[in-house]
Amino acid sequence: MKRSPRETGHIQGRDEAMVASEQEVLAMDAREERSVRGRGRLTAILEARLRREYLPVLVTLALFVVLFGTGSAIYPAFGSGQVIIDLFIDNGFLLVAAIGMTFVLLTGGIDLSVGAVIALSAMLSASLVEHVGLATIPIVLAVGATLGFLMGYVIHHFEIQPFIATLAGMFLARGLCFVISIDQISIKHPLFAEWPHIPIQLPGDMFVKPTVFVALAVLGLAFWTLHYTRFGRGIYAIGGNEQSALLMGLPVARTKIGAYVVSGTCSALAGMLFATYTLSGTGVHAVGMELDAIAAVVIGGTLLTGGSGYVLGTLLGVLLLGSIQTLIRFEGTLSSWWIKIVTGALLFVFIVLQRAISSKRSPDG
Amino acid sequence: MLRMTGITKDFPGVRALNGVDFRLLPGEVHALMGENGAGKSTLIKVLTGVHSADSGEVRLDGAPLTIGSPKQAQAAGISTVYQEVNLCPNLTVAENVFIGREPYRLGRIRWKETRRRAAELLARFQLDIDPAAPLASYSLAVQQLVAIVRAVDISAKVLVLDEPTSSLDRDEVERLFTVMRRLRDDGVAVLFVSHFLDQVFDISDRMTVLRNGRLVGEFETRALSRVELVGHMTGRVLRTLEELHAPREDVREAIASREPVLAARGLGRKGGIAPFDLDVHPGEVVGFAGLLGSGRTEAARLMFGADGADSGTVRVGGSASALRTPGAAIGRGVAFCPEDRKTEGLIEELTVGENIVLALQAARGWLRPLSPARRAELVGKYITALSISPADPDIPARNLSGGNQQKVLLARWLITQPRLLILDEPTRGVDVGAKAEIQKLVVSLAGDGMGVVFISAELEEVLRISHKIEVLRDRAVIAEIANEADVTPERLLEIIANGVAS
């Protein structure tokens, strides 16, 4: 195969960049080794004091700190507060979607419809907002909640695998996008195009956007729901042992369906945030975003088998994925597929870690 | 207090309950007795709302009661603790006690209050359990006690305990009984199901006996002897058990002179069992006696190749063979019935027939399927031979009682016509009648020339059928004794406790 001169030059350039990044990786290794040793002692102390379930979350936190520290050491511009805020601005919709996904994964289920519901919501927002204005928000949320309810109902009452039921939901939502319009609809209404983009100044020459507050509010609400309400504890109980939850007299049907309603609603909200971000609606938006959300939740320490995990871990998972993305963008010479490679590697590590932890935790072990 | 009349319940292919009457008085411990498959579990599930009865009436305190779900049963005052602990291991002890009814204020759960109240409750039962610790960090016994605390705190009219003691050791059972007696004295009606006759006679005031889904009768425990009870449960006199005598000496010698079907020399595995020697001859039953965790299962797994050995050799049928995998062992005619029939053996979704032919089909390979006619013939033969009931090869294995499930597993291995059969606790959780049948079967298999390794925690059982006994303690074989007339359970216990005397 012959390469055009331009292409070869490009590849050479990348090779050099790879050599450079290899050195960085070595440096990072050394640093990481030090921090691992330090962490070894730290985790020993933590394990004595804290429950072992916190470990995956702590590992994610440590990884995030290491990654961010490394980034800041290499690129001085990276280590600014604004970069962290940008992580929230750029990943707000993913965070909201991942929070909804956390509810579902905690019950031991899965929701594959998230990406499609995001696309549908963005599409709905784009077509509705010119006609109904503010009323777009409740309508879109209601559509998301209804889809979630339907899937949850089917999953619970017909005992269908969540995988299949939400796969159906995914096709349904994706198809509905094209019923609304085959073409891309662009958004000009201030509700999406202006208001969410008003910069709010913070001290130290930083700014946030209103969308960040929406994401943080959802996070707070989710935390409160999961840890301080019966519904939330019911979600954990079902994930721990659904049969037991039923025999303990918990409202299993309501709780399980509720988890999918939460996920559907979060997806709808994420879709609207996505619309403010892309300022358009099209049927091919957010393809595969449910998988990003699942990755973030799992990296955030939630067990795929359910019953164990924290929504704050999900936040860390989203931030970790976001900072990998940012770091690779800062690097400039690395292609964007490195994001996928690193994400894949991380997922592997976390799944193995969870396996190790949960097998240690089982009483008969 | 509670009265059930004319309860009938059908499952596909099985009439589980047939017009059963049952009553519970306040302030008593009432034992529900019966063989596996007699309908005990079904009756309890009807009482607790898991199943609904096809006909019949339940009255609580004189008022008729419809129980449609566990929640309704709880609301009416009937709480249940099942054999498998039905709590959530991922939550804390306090949460497990209070989940679904946590103290609420200002729209949020008051965690401190939850833990404080849990601590109070646990203290009332004199249980030293940290309410803030995850449930999974405690043993099964403690989890069981937590389940009881929860059940009693929710509603303390009727407490149903479905085989709560099957996985507890002696001290833990005593602890449980203390709690039960306390509840009884508080006026709670406690319904207790157990296979351990000693425990039933120890704790219960009255008992109801079921057989084949029908009521046999209601008895005062004091006025009933063990033999009478077993008679009521099985519907026959204990003849089967008496037919089995310890094998005679000349038979033992004849057997020992044959070429061993399996000979282990210095076989061992670090952390599992210390190196041991063992010969199993055709037609010989070798009993493994020892406490739980003494290395019995570990030794069996080495002989089957389920674990790799660190040291020693195994000769099967006279030729040296490295049993590295169960497949290799099966190929050489070794079969192994594991201890935990639910997780390691039976596939509950498949039918009885499918479960039975599984190992044979695996041994033949998937490319040589059994013909349907041959399959039906084989399955039918073993269902009859082992008197599996109901004798229907097409019902799912899950619908069978524990003893019959065990027989299905046995059939699965017998059908492969092994030369050596290793049985790990085949009679655990099985009622007296099925126990006797399994023992009889083992003896007759040995009579046909099969070598059998029989592992059991019940010394009487080991003594009754074994030709020789390997005594295990602390993960080592400490003695091999021929089963002579003067070997008694007491002597075996002494060896287990003190090593070989003299």
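Colleague: How many helices and strands are there in chain B?

Modeller: Bear in mind that this is a predicted model. Of the 502 residues of chain B, 46% count as buried. As for secondary structure, chain B has 19 helices and 22 strands.

Colleague: Is Thr8(B) buried or exposed, or something in between?

Modeller: Thr8(B) sits in strand 1 (residues 2-11) of chain B. Leaving out residues up to four places away in sequence, it touches Leu17(B), Asn18(B), Gly19(B), Ala53(B), Asp54(B), Ser55(B) and Gly56(B). Buried would take 20 or more other C-beta atoms within 10 Å, and exposed 12 or fewer. Thr8(B) has 16, so it is partly exposed.

Colleague: Now the open sheet of six strands in chain B: which are its edge strands?

Modeller: The order of that sheet is 6-9-10-3-11-12, with mixed pairing.

Colleague: In strand 10 of chain B, what is the bridge partner of Leu161(B)?

Modeller: Strand 9 (residues 158-162) and strand 10 (residues 189-193) of chain B run parallel and pair over five bridges. Leu161(B) has its bridge partner in strand 10, namely Phe192(B).

Colleague: Helix 1 of chain B packs on the sheet; what angle does its direction make with that of strand 9?

Modeller: Helix 1 (residues 40-47) of chain B touches strand 3 (29-33), strand 6, strand 9, strand 10 and strand 11 (206-211). Helix 5 (residues 140-154) of chain B lies across strand 6 and strand 9, at about 175 degrees to strand 6. For helix 1 against strand 9, the angle is about 145 degrees.

Colleague: Which helix of chain A gives the most to the side that touches chain B?

Modeller: The interface puts 23 residues of chain A in contact with 19 of chain B. Helix 8 (210-228), helix 9 (230-240) and helix 10 (242-247) of chain A each supply at least two residues. The chain A side divides into ten nonpolar, nine polar and four charged residues. With six residues, the top contributor is helix 9 of chain A.

Technical notes: Residues are numbered from 1 along each chain as its sequence is written. Chains are lettered from A and ligands numbered from 1 in the order in which they are written. This is a predicted model: local features need pLDDT of at least 70, side-chain atom pairs count only at pLDDT 80 or more; totals for chains, interfaces and linings use all residues. Two strands pair if DSSP finds at least two bridges between them. Helices (H or I, at least four residues) and strands (E, at least two) are DSSP runs, numbered from the N terminus. Two residues are in contact if their C-beta atoms, placed from the backbone, lie within 7 Å. Axes are lines fitted to C-alpha atoms, for helices over the stretch in contact, and angles run from 0 to 180 degrees between N-to-C directions. Ala, Val, Leu, Ile, Met, Phe, Trp, Tyr, Cys and Pro count as nonpolar, Asp, Glu, Lys and Arg as charged, and the others, Gly among them, as polar.
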